[in-house]
Structures are given as C-alpha cells and as structure tokens.
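Reader: Hello! I am new to this entry and would like to learn how to read it. Could we look at it together?

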Amino acid sequence: HKFNGFNDPRGGGHFSARLTVALTAAGVVAKKILPPGVTFDTRIAEIGGCTDPEGFDEVLRAAAAEQDSVGGIIECRVQGVPLGLGQPFFDSAESMIAHLLFSVPAVKGVEFGSGFAGARMRGSENNDPFLDVEGTTATNNAGGINGGLTNGNELVVRAAVKPTPSIGREQMTYNLATNKVEPLTIRGRHDVCVALRGAVVVEAAVAIALANFIR
C-alpha cells in the first residue's frame, strides 16, 4: 500500500532481517570510536520463555518438530560508559538506543534496567542508592541511565525479539489474489529462532547509539 507496488518483496525486501548486516558493520566502526575501557557483554537471556541456557536446545527442537518458531530476549551490558552521554529530552540515551534497536525488524520491545519489572515495584525497591561521589549505586535498576543521561554505572538494555513469522506450519490467512481466507504454507528453510542471530546485532546497535554521543 505504501510503495504502490514499487517495493521488491524478494527475501522480505527492505523489511528483511538481512538489513541488519549494515547495522553490524557499522557497529564494528562504532566500537573503534568509543573511548578505551568501554566493554560489551551481550547474551541471549531467554528463548521461548525459557531462561535456562541448558534448556534452550530442547525448546528449539520442540518448536522445529512442530514446524513452528519461538522468540527470545537479548540482554546487552556495557561497562565503562562515559558519564553524561545523552540529553534530558528528545535525544535521551534511552531514546537513541531504542531508536536503533527498533530498526531491527524482529525487535518488538526494549527495556532498560529493571524495565517492565520496575513497574511492579515500589519506589523504595526500585531506587538506586548512591554509594560515593563518583555516582556508583548499590543497585542498578535504572540500567545506567538517569534523566536521559548515562550515570557512569553499567548500561543494561534488553530487546524482545518476536518469533520468526515465516514458518512451515500451515496457517489460515487472507489471500489478496483470490480475496479469500486460505491455507498458507511457507516453503523453504526457516529460522526456528531469529534471536539466535540477534545478539551481535543488538550489541552493534547499542554501540552505534553510544558512538553518536561522542564528540
């Protein structure tokens, strides 16, 4: 509808996860711009609702056996982030990082620090008491960002990745060619979980956002 038939749908076109190769390449350059001492630790924190890495294979095999797919959550932690990156309003550290993460086609949710869990806490639980003049905090529910600015503590961000939409399992959907709801079976090879490929992309996106703050 938007492109009036002038888009290229092959392989998902410009809505495909293939576009993340550009983010990954830019992330390599971004890391070279960041100050020495900035280090990344990115991992798959959850697959198909399972948070135990030893159980990931079982979840993946079960989904594959049913010609289905599962989503996941990727967590990126960054140490050594300079103090005061970001702006208090439109260009906050969260805004810029989330902007890039939501450019990844499969990402449907982003949270920092305690994230959505923080909404279920009281202020006394979610607050981060300061320990010293450097701004070190006893906890890090803010995820290393206060008021849109990095606070010198570890940056913690998570991205929720949806299940792969193209699956071998038959589904009912509307067919524009026949104007009817009909069975659809997508042939070919399908990723059971695109989150498995997503850690390097999430890390690259965070690195690009941080590098953009460096002057």
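Reader: What does the accessible surface of the chain come to, and what percentage of it belongs to carbon and sulfur atoms?

Author: Accessible areas come from the Shrake-Rupley method with a 1.4 Å probe, and for residues only the protein chains shown count as cover. Here the accessible surface is about 13,000 Å², with 56% of it belonging to carbon and sulfur atoms. Please keep in mind that this is a predicted model, where local features need pLDDT of at least 70 and side-chain atom pairs count only at pLDDT 80 or more, while totals for chains, interfaces and linings use all residues. Residues are numbered from 1 along each chain as its sequence is written, and side-chain values use heavy atoms, leaving out hydrogens and water.

Reader: How many helices and strands does the chain have?

Author: Helices (H or I, at least four residues) and strands (E, at least two) are DSSP runs, numbered from the N terminus. The chain has six helices and eight strands. Starting at the N terminus, their order is α-β-α-β-α-β-α-α-β-β-β-β-β-α. Along the principal axes, the C-alpha atoms fill a box of roughly 65 × 40 × 30 Å.

Reader: What percentage of the residues in the chain is buried?

Author: Buried means under 20% relative accessible area, exposed over 50%, and partly exposed in between (1.4 Å probe, protein chains only). Of the 215 residues in this chain, 39% are buried.

Reader: Is Arg158 buried or exposed?

Author: Arg158 is part of strand β6, residues 155–161. With a relative accessible area of 17%, Arg158 is buried.

Reader: Which residues does Arg158 touch?

Author: A contact means heavy atoms within 4.5 Å. Leaving aside residues up to four places away in sequence, Arg158 touches Ile73, Ile74, Glu75, Gly109, Val110, Glu111 and Gly113. Two of these partners are worth a look in the viewer. A polar contact is a pair of N or O atoms within 3.5 Å; within protein, one must be able to donate a hydrogen and the other to accept it, and residues adjacent in sequence count only if both atoms are side-chain atoms. The side chain of Arg158 makes such a contact with the side chain of Glu75 at 2.9 Å. The Arg158 side chain also reaches the backbone oxygen of Gly113, at 2.6 Å.

Reader: How many disulfides does a search of the whole structure find?

Author: A disulfide is a covalent bond between the sulfur atoms of two cysteines. The cut-off used here is a pair of cysteine sulfur atoms within 2.5 Å. The search finds zero disulfides. Cys50 is in none, as its nearest cysteine sulfur, that of Cys193, is 11 Å away. Cys50 counts as buried at 18% relative accessibility, and Cys193 is buried too, at 3%.

Reader: Where is Pro36, and how far is its C-alpha atom from that of His14?

Author: Look in the loop between α1 (20–33) and β1 (39–47) for Pro36. Pro36 is exposed, with a relative accessible area of 85%. Pro36 and His14 are 22 residues apart along the chain, and their C-alpha atoms are separated by 35 Å.

Reader: What is phi of Asn179?

Author: Phi of Asn179 is near 60 degrees, a positive value in a residue other than glycine. Asn179 sits in the loop between β7 (171–175) and β8 (180–184), and counts as exposed at 53% relative accessibility. Asn4, in the segment before α1, has a positive phi of about 55 degrees and is not a glycine. At 63% relative accessibility, Asn4 is exposed.
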